[in-house]
Every structure is written in structure tokens, then in C-alpha cells.
Number of protein chains: 2
Amino acid sequence: MNNQLDSIAPLREFVIGMTNLVSHESVEQELITKGSELLKTLIQSDSWLPEFCTIPHPEFYQQFLLHADPLGRFSVVSFVWGPGQKTPIHDHCIWGLIGMLRGMEQGQHYKRLPSGELEMDGPQTVLRQGDIEVVGPAVGDIHVVSNAIPDKTSISIHVYGANIGAVKRHTYDPITGKPKKFVSGYSSQQVPNLWDRSAEIRASLN
Amino acid sequence: MNNQLDSIAPLREFVIGMTNLVSHESVEQELITKGSELLKTLIQSDSWLPEFCTIPHPEFYQQFLLHADPLGRFSVVSFVWGPGQKTPIHDHCIWGLIGMLRGMEQGQHYKRLPSGELEMDGPQTVLRQGDIEVVGPAVGDIHVVSNAIPDKTSISIHVYGANIGAVKRHTYDPITGKPKKFVSGYSSQQVPNLWDRSAEIRASLN
Ligand SMILES: [Fe+3]
Ligand SMILES: [Fe+3]
Ligand SMILES: [Mg+2]
């Protein structure tokens, strides 16, 4: 089978693997450990990412949904960072994995003090191609993320333990630490078709 | 919540319902009966179908994938028939449901004689908006389908008991009945994003 006939296969295999995982496992630490292994394999190459999920917006970082589990057990999103783009300080309220696909991302974790103010938690982190970071209530859920390359697009693949487009979470005022409720949307009304196996199957007929 | 914010909700609810069904049921007759009930509800309205899944091709009937279950237990396809368009005589090798969404479709079932030749099986059928037909090895799997309206587009929603884009099946020569292996593809490399709940959730944030 010609690889070009089925360039999206690594993403399809990842989605099948994650679906099997959430069907048989519900312990969060196991989902994180085994999900990270699957994500590590996915981000070993980047030719599977459809073109329309790689396009930066001049002003805003983009969140292209790649797949959402219909039962809300996980979602997969392509984050596309244009030069200089940066999230607000935010949380997730569920577990999440960040896998660096192209370029480089920098992040800073925060913790909330009893006063409600935010304090940096550990040093600034840098994710390079192939690196994975974990976020979530169990390991540190508040952070800020930005493109670490000043003049190029960076892309990271995020996996969350829910449909992130339906999760009530928070941004935080950097000075006062005051939380504000928010929910993130998706940047496209379409997602990739992972399921056209016809070219591959056709090549195997009689 | 404003309906326009979430016009795709009926399709999302259908996909969730089908996913729950195939997660808890494996008896084919039950899948057909309960799947038909869900499909009946889905095709009561048609405003949920995204525009890009309604566009006829001047020459070929179109098959827009709406959703495929990652574990291959079902798929949902928008069939768009331009004026005069018609399938070859074909089978499915799995169960399938056809729900008429817009316009009208005519069909003819066939059975194979011991000689291998085809014979019409029952009268020509006509599907009108809201009607559902069942196909499959258990109930009659060989048929031909065409747009029953000579000058307009017709659209039917098909549900299959597998990813139909990966099923080896057959077309049949109308004279000799000779089968030829085939697999059908999909007409778009993208599928609708059913999972952006952010407008709805945002409206509920205080
Ligand atoms: Fe984050
Ligand atoms: Fe058919
Ligand atoms: Mg996945």
C-alpha cells in the first residue's frame, strides 16, 4: 500500500488506541500513562496532520479539533501558534497531555496561594519536538503557554480527558489571581475524515 | 439557548445514541430496530445537515461521511443525489438503514438465482421524506437506488453496521449477474465537527 494513499493512518491508529483505552480503563493515572505512550508514537512524525489543521491565524492561536470521543471520554486538538501568540493564564479542570509536533512551546506553571494570588510553580519549561507535558488537577492545572519561536508557527497536539469544547474552566487575572469562568471553542466547523480506507482496501481486492 | 448556536445538535444526539447502542447491544436485529428508531427521530428535521454535505456533483452521487465509530461498529453517511443519478446494482455485506431526508428515492431489490442471474425481488419501492428502508444479508442485500425526482437533488441518510468506507462488497452485472468486488469511498476528506458546545456552555456561565 502506498503511504500517500493513507497519510492520516497514524492519527486514525491513535484515535482507535485511545478509544480502546478509555473503553477498558478509568483510573486517571493509567489513562495519563498509557495515553502519553500513544501520543509519543503519534508525534514521532508530522505528515499525518491535515493541512487545514496547520494554518495559523494572524491574531489568535488556533484550536482545531481532530477527534472527540462521542461519549466525552477524550478529545484531540491541534494547537497552532503564530509568532508571539500566548494563552491567558488558565486551568483545565481535567487531565491533559501536550505533545510537541512542530516548533517549540514555552510554559509556566502557577499555584494559587491561600490569599488567592498566583505564584510561579517551578521554572519555565520548554517543549521541543517529541516532548510531552502533563497538566491537570492532580499534577498542576494552572499554566500559561506561548510559542517559543519568535518568527515561526509552532504546533502541539493536545489530548484531554473530556470534550474540551464542553468543559467549564477558568482564566486567571495575573495580578490578583481572580478566576473568571470560560469555555474554549474550536477553530473549524469540520474535523478530518480519518475513515476513508477505500484506497487501501481497493488495492487489496482480488 | 439559541437554536442557531447549536443547529447540529440532532446529529450529535444521534451519534451519541448510536454509540451507546453499539456499546451495549450486539444482536443485529436489535441494532436494526433501535437504530431505526434513532434514525426516525434524526430525519424528522433537516436543518442539522451541514451545507457542505448537501452539495450534489454534476456527474456522481455523493457520499459524505457524517460520523464513523472508531471501533468500526457503525457509520453515518449523507447520500446526495443529483437529477438522474443512480447506483450500480450492489450489495452491502452488512446491515444498513436508509432514511429519506429531502426529496425522494426509488429502489429495486434483487435476488440471485441458482444460475447466478439476478431476478427482481418485489415491486419497485419509493422512499419519501421520513421513510426508512432496511438492507442487509438477513433481509435482502442486493439493490439499485436512484433519485426519484427528475429535476431536483434528493438526500438520504444511511447508517451501516460498519465503516462502509472499509467494507469489501460487490456490484453486479445487470445482464449476467456476475459480481465484481468493490469498496466505496467518501466524497470529502472532512467530516462535520459535532462537538463544539462552547456557545451553549458559554451562555450558561454567569
Ligand atoms: Fe492549557
Ligand atoms: Fe445500497
Ligand atoms: Mg484520540
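**Strands, metal and symmetry**

Mentor: Start with chain B, where strand β10 (residues 169–172) and strand β11 (residues 179–182) run antiparallel and are joined by four bridges. Keep in mind that this is a predicted model.

Trainee: Which residue does B:Arg169 stand opposite in β11(B)?
Mentor: B:Phe182.

Trainee: And how many residues sit between the strands of that hairpin, β10(B) and β11(B)?
Mentor: Six. One of the hairpin's features is B:Gly177, which takes a positive phi near 80 degrees.

Trainee: Switching to chain A. What is the strand order in the open sheet?
Mentor: The order is β1-β2-β9-β3-β7, five strands with antiparallel pairing.

Trainee: Why do β1 and β7 of chain A each have one side without a neighbour in the sheet?
Mentor: Because β1 (62–68) and β7 (132–135) of chain A stand at the edges, and each has a single partner strand. From one strand to the next, the twist averages 25 degrees.

Trainee: How many bridges pair β3 with β7 in chain A?
Mentor: Four, in the antiparallel sense, with β3 of chain A covering residues 96–102. In that pairing, A:Leu97 stands opposite A:Val134 of β7(A).

Trainee: Which strands does helix α2 of chain A touch?
Mentor: Helix α2 (residues 28–42) packs on the sheet and touches β3, β7 and β9 (154–160) of chain A. The helix direction makes about 10 degrees with that of β3(A).

Trainee: Now the metal. What are the protein donors of the iron ion, ligand 2?
Mentor: The NE2 atoms of B:His90, B:His92 and B:His143, lying 2.1 to 2.2 Å from the iron ion. The donor residues are spaced H-x1-H-x50-H in sequence.

Trainee: Where do B:His92 and B:His143 lie?
Mentor: B:His92 is in the loop between β2 (75–81) and β3 (96–102) of chain B, while B:His143 is in strand β8 (residues 142–147) of chain B, so the pair ties together parts that are 51 residues apart in sequence.

Trainee: Are those two buried or exposed?
Mentor: Both B:His92 and B:His143 are buried.

Trainee: Last topic. What rotation superposes chain A on chain B?
Mentor: One of 180 degrees, with 0.0 Å of shift along its axis and an RMSD of 0.0 Å. The two copies are therefore related as by a two-fold rotation axis.

Trainee: Which residue of chain A comes closest to the rotation axis?
Mentor: A:Val191, at 2.7 Å by its C-alpha.

Trainee: And through what do the copies meet?
Mentor: The same surface, because 100% of the interface residues of chain A are also interface residues in chain B.

Terms used: Residues numbered from 1 in each chain as written. Chains lettered and ligands numbered in written order. Predicted model: local features only at pLDDT ≥ 70, side-chain atom pairs only at ≥ 80, totals over all residues. Heavy atoms only, no water. Pairing = 2+ DSSP bridges. Helix = DSSP H or I, 4+ residues; strand = E, 2+ residues; numbered from the N terminus. Axes fitted to C-alpha atoms, helices over the stretch in contact; angles between N-to-C directions. Contact = heavy atoms within 4.5 Å. Donors = N, O, S within 2.8 Å, 3.2 Å for Na, K, Ca; no water. Buried < 20%, exposed > 50% of the residue type's maximum accessible area, 1.4 Å probe, protein only. Least-squares fit on C-alpha atoms with pLDDT ≥ 70 in both.
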